[in-house]
Amino acid sequence: MSKFLVFIEQRDGKVRKASLEALSLARRLAGGPVAAVLAGKGVGALVKDLGRYGAGVVYVADSDELALYSSQGYVGALDAAARKESPGAVLVAATSMGKDVAPRFAARHDSGVLADVMDLHLDGDRLVGSRPVYSGKARAEVDCGASPIQIATTRPNVFPAEAQEAAEPRVEALEPFEVAPRARVVRIEASETKEIDVAEADVIVSGGRGIKGPENWPMVRDLQEALGAALGASRAVVDAGWIDHQHQVGQTGKVVSPTLYVAAGISGAIQHLAGMGTSKVIVALNKDPEAPIFQVATYGIVGDIFQTVPELAKAVRAAKAE
Amino acid sequence: MTDSIPTDRVIAGLLGRVVFGALVTIAILAFVYSVARRIRVLLAGAPENRFDRIPLRIRRTIEYAFAQKRMFRDLYAGIFHILIFGGFVVLVVRSLSLVVEGLIPGFVLLPGAAGNTYTLVKDVFEVLVLVGVAMAVFRRAFARPPRLDLTLDAWFILFLIALLMATDLVADGARSVLNPTAFDLTWSPAVAAVSRAFRGTAPATLQAIYESCWWIHLADLLFFANYLPYSKHFHILASVPNIFLMKLEPMGRLGTPDLENSERFGVSRVEDLSWKSMLDGYTCTECGRCRVVCPTALTGKPLDPRVFIATLRDAVYDATPEILAAQSGRGGDSPPAPRKDLIGGWVTEDTIWACTTCGYCTSACPVFIIPAVDKIIEMRRHLVLEKAEFPKEMQTAFRGMETNGNPWGMAASSRADWAKDLPVMTMAEAEGSPVDVLFWVGCAGSYEDRAKKVSRALVDLLTSAGVRFAILGTEETCNGDSARRMGNEYLFQILAQQNVETMNGYGIKKIVTNCPHCFNVIKNEYPPFGGRYEVLHGTELVSSLIAEGRIRLENRIDESITFHDPCYLGRYNDVYDAPRQILEAIPGLRLQELARSKQNGLCCGAGGGRMWMEEKIGTRINQTRMQEIAEAKTDSVGVSCPFCMVMIGNAREELGVETKPFDVLELARRSMVERSVER
């Protein structure tokens with residue numbers, strides 16, 4: 001198999017975990033260190049870590065123009081690295097940045113993209129991806145056909161990011177290249193409200209009748225904040241007036257499909273399952289072992305949510321602090 | 001001889017008769033004109049065949065228009081109504097003869113014995129009508145049932161009726177004293193009583209009384225006839241025809257539009273209403289029976305069937321001049337002023353989406369108006385098929401039915417998973433071996449947690465009874481009830497055709513299902529799609545198996561229970577006894593009826609696709625019903641519909657009520673003594 005090149009996403013000097021997942025995957029497929037490309041301003045310090053996840057060489061594009069993300073700037077960096085490396089395959093994490101970068105790069109090279117794959121393997125030299133279709137009811141196997149470069153975007157949180165002891169990667173600075181910005185990011189303003197829309201969220205923590213009363217939302221909120229999640233709710237608690245309808249998940253509320261859905265004190269009536277059944281990982285916290293939510297849950301804890309929810313929040317915070 | 005007949009004194013000479021004749025002619029012409037206008041508007045309505053099966057229509061007319069079967073559900077109102085109605089039938093002859101008397105001096109309606117008999121009947125009925133009016137007045141003044149709107153119009157019409165009777169009696173009474181030889185009072189006891197009261201009164205006074213009463217009577221009569229077409233009392237003329245023209249199809253079958261060849265879908269303008277729908281509006285006399293157990297009217301929703309039908313009538317009246325102008329080719333060059341649409345103009349969208357299609361109003365109306373359901377579905381069709389405007393949460397259900405064949409959108413491939421560990425064959429597996437009955441499981445029975453347990457209970461009951469049955473498995477798909485009643489006729493027809501094709505492919509003859517919605521649709525709405533089957537509800541099949549001794553209920557359940565009737569089982573299909581027979585067959589179980597039960601049962605709130613919508617206006621229908629159930633103070637409540645189970649179960653949690661809901665079949669399963677079953 002020819003060489004792999006992995007696009008590393010960083011914002012505010014932090015590398016996205018999804019990119020490390022893509023990097024680890026490339027090392028596994030290639031059977032050894034691969035090339036990576038990193039764009040930004042003052043990002044040299046990040047290179048060292050990339051070695052542990054599989055980068056043998058890191059192409060670094062460092063300039064003022066690249067301080068903030070721009071489509072053309074970052075695709076330009078990937079392009080420049082590709083010209084030097086001549087990879088056979090390019091992997092990009094399927095984040096919102098990756099979903100912008102990959103198709104632009106593919107268009108420049110007249111290649112196809114295996115978008116948002118949940119599995120990727122090599123069949124000889126051919127990269128074969130597997131992706132969910134029809135809301136997860138089927139999987140499609142896809143390849144890039146006769147593309148000169150095979151490109152894939154990998155779904156976050158699917159592939160493991162494996163750190164190994166490794167030599168520090170070789171750094172190759174990319175020649176400054178001209179970015180002719182048709183659009184320029186002037187500044188980024190974070191939204192005032194911290195509340196994440198439940199329909200957009202990647203992680204959701206939901207509370208149901210089991211929380212006993214609106215006075216116990218802080219407990220659920222604590223776990224929600226620890227996970228950086230959006231707050232969801234079952235119809236029962238919305239009907240009871242414990243929380244606003246915009247949080248309702250289910251048949252007559254929002255239909256969601258996050259990567260992680262934590263259901264606290266929700267029995268899982270079909271009206272609720274209809275709204276979240278396609279979530280990738282479902283964690284059920286309920287005291288009733290017979291609750292139907294356990295039938296769809298990936299992980300479940302049978303127990304008093306007034307113990308399990310705070311414990312889980314503590315564990316999440318501890319894991320994140322590591 | 002002639003000058004001794006006082007009528008000559010009333011209508012003085014030829015000139016007087018000419019003037020009177022002219023008055024009568026004008027009144028008749030005005031009446032004909034008013035009624036003709038109303039009828040011509042009907043001609044502009046959408047077509048609908050209501051002239052089939054004439055003998056049946058005649059039978060129904062006798063039963064419901066003349067014997068007024070539905071009126072006696074409210075005994076007091078039924079009695080005074082039939083008194084007044086009977087009076088009208090008898091006295092219309094008397095009134096016409098009085099008019100003729102005015103024109104032709106000395107006119108006698110019927111000679112001899114026939115005349116005497118009529119005189120007696122007339123006399124009695126005039127008194128009975130007065131009694132009826134007095135009862136009506138008492139009710140309006142003192143009893144004041146909440147279903148009535150106490151309008152001035154109603155008081156006015158009661159006054160006109162009483163005046164007609166009183167003036168006739170008084171006129172005859174005065175005349176009989178003035179001219180005793182012309183009257184044989186043995187045949188008119190009421191007049192005789194008036195006559196006795198007038199004894200000793202001066203002839204001039206009597207003459208004045210007689211003349212004024214005669215004129216008042218005739219004026220009242222002619223005015224009354226011309227007042228009717230402009231008031232809710234058009235009822236008097238329209239009800240008999242409206243009953244004759246009633247919907248004869250099953251109550252649970254909605255109209256099936258030809259979607260391939262239609263240019264417009266549903267109802268949004270007055271002209272989109274069928275002529276019969278317009279006649280419904282003419283017929284309504286605003287008695288309010290339709291609102292008594294209406295779930296939306298009871299819980300503060302904008303839909304009140306009595307108001308709804310009157311609003312449609314007002315819309316028809318409002319559009320009348322324009323429709324008539326268009327009909328006669330007038331209307332001229334200037335385009336007509338923009339008229340309010342029914343939807344948005346006369347009726348709000350919230351009103352249209354509120355209906356649970358429980359059918360109470362339809363089954364309560366004594367004159368067979370369909371106050372809400374069919375008309376509201378027509379309006380929903382317009383909103384969904386033409387405008388794609390509907391509560392957004394309905395989209396989830398529509399998409400689920402479209403892509404996965406169930407409103408929750410659960411995977412179609414897992415439809416038969418509930419039966420994985422049960423000895424249940426699919427029709428495909430049973431190919432070749434004989435099957436007595438197809439068990440139609442339904443979406444809830446296949447996917448919803450509690451309903452799945454009920455499906456298992458039915459499997460156990462049938463297996464134990466030795467019934468050879470099979471399911472369609474993943475070949476089954478949603479029956480389409482919710483889609484149709486939410487106005488998505490297109491989706492319904494696709495689902496219906498698909499299911500009929502599957503079942504006809506297996507040559508299915510007999511079906512059992514425990515979902516009243518599936519039951520109603522397959523039984524009543526599939527025949528127009530070529531699906532004709534014998535369809536039984538689970539409780540019907542199980543109760544007959546109990547009666548045959550094939551299922552033995554011997555385990556005691558020492559509890560008190562009440563029963564909540566599902567609309568689509570009870571009101572729509574008259575299955576009231578089967579679930580009760582099962583409950584009564586369980587040893588120890590004590591059945592106690594709810595205050596509102598059977599045809600007066602209150603809806604749980606889930607019908608008409610409301611299961612898939614948010615209930616944001618007013619109080620909760622399911623909680624209202626649960627409160628009624630709790631008042632029965634029984635240990636549990638029997639239900640026979642998976643939607644009722646969800647609604648009642650939710651309300652129970654929300655209100656913290658003790659009464660536990662059980663499906664009747666779950667209880668039968670618990671009480672059943674299992675025979676050795678070969679598995």
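Two strands are paired if DSSP finds at least two bridges between them. Helices (H or I, at least four residues) and strands (E, at least two) are DSSP runs, numbered from the N terminus. The model is predicted: local features need pLDDT of at least 70, side-chain atom pairs count only at pLDDT 80 or more, and totals for chains, interfaces and linings use all residues. Residues are numbered from 1 along each chain as its sequence is written, and chains are lettered from A, with ligands numbered from 1, in the order in which they are written.

Chain B holds 28 helices and 9 strands. Its C-alpha trace spans about 100 × 70 × 50 Å along the principal axes. Five of its strands form an open sheet with parallel pairing, in the order S1-S3-S2-S4-S5. Strand S1 (425-426) and strand S5 (534-537) of chain B are the edges; each has a single partner strand, so one side of each lacks a neighbour in the sheet. Within chain B, strand S2 (residues 437-440) runs parallel to strand S4 (residues 510-513), and 3 bridges join them. B:Leu438 lies opposite B:Ile511 of S4(B).

Of the 679 residues in chain B, 45% are buried (20 or more other C-beta atoms within 10 Å of the residue's own, with C-beta atoms placed from the backbone). Contacts require C-beta atoms, placed from the backbone, within 7 Å. Among contacts in chain B between residues at least 6 apart in sequence, 80% join residues at least 24 apart.

A nonpolar core is a set of buried Ala, Val, Leu, Ile, Met, Phe, Trp, Tyr and Cys residues joined through C-beta atoms within 7 Å. The largest has 186 residues; A:Ala264, B:Leu438, B:Leu461 and B:Ala668 touch the most other members.

In chain A, strand S8 (residues 119-123) and strand S9 (residues 126-133) run antiparallel, joined by 5 bridges. Their hairpin has 2 residues between the strands, and A:Gly124 takes a positive phi near 65 degrees. S9(A) is joined by 6 bridges to strand S10 (residues 138-143) of chain A, again antiparallel. There, A:Arg131 has A:Ala140 in S10(A) as its bridge partner.

The contact between the chains takes 12 residues from chain A and 15 residues from chain B. On the chain A side, helix H6 (235-239) and helix H7 (270-276) each supply at least two residues.

Technical notes
A residue is buried if 20 or more other C-beta atoms lie within 10 Å of its own, exposed if 12 or fewer, and partly exposed in between; C-beta atoms are placed from the backbone. Two residues are in contact if their C-beta atoms, placed from the backbone, lie within 7 Å.
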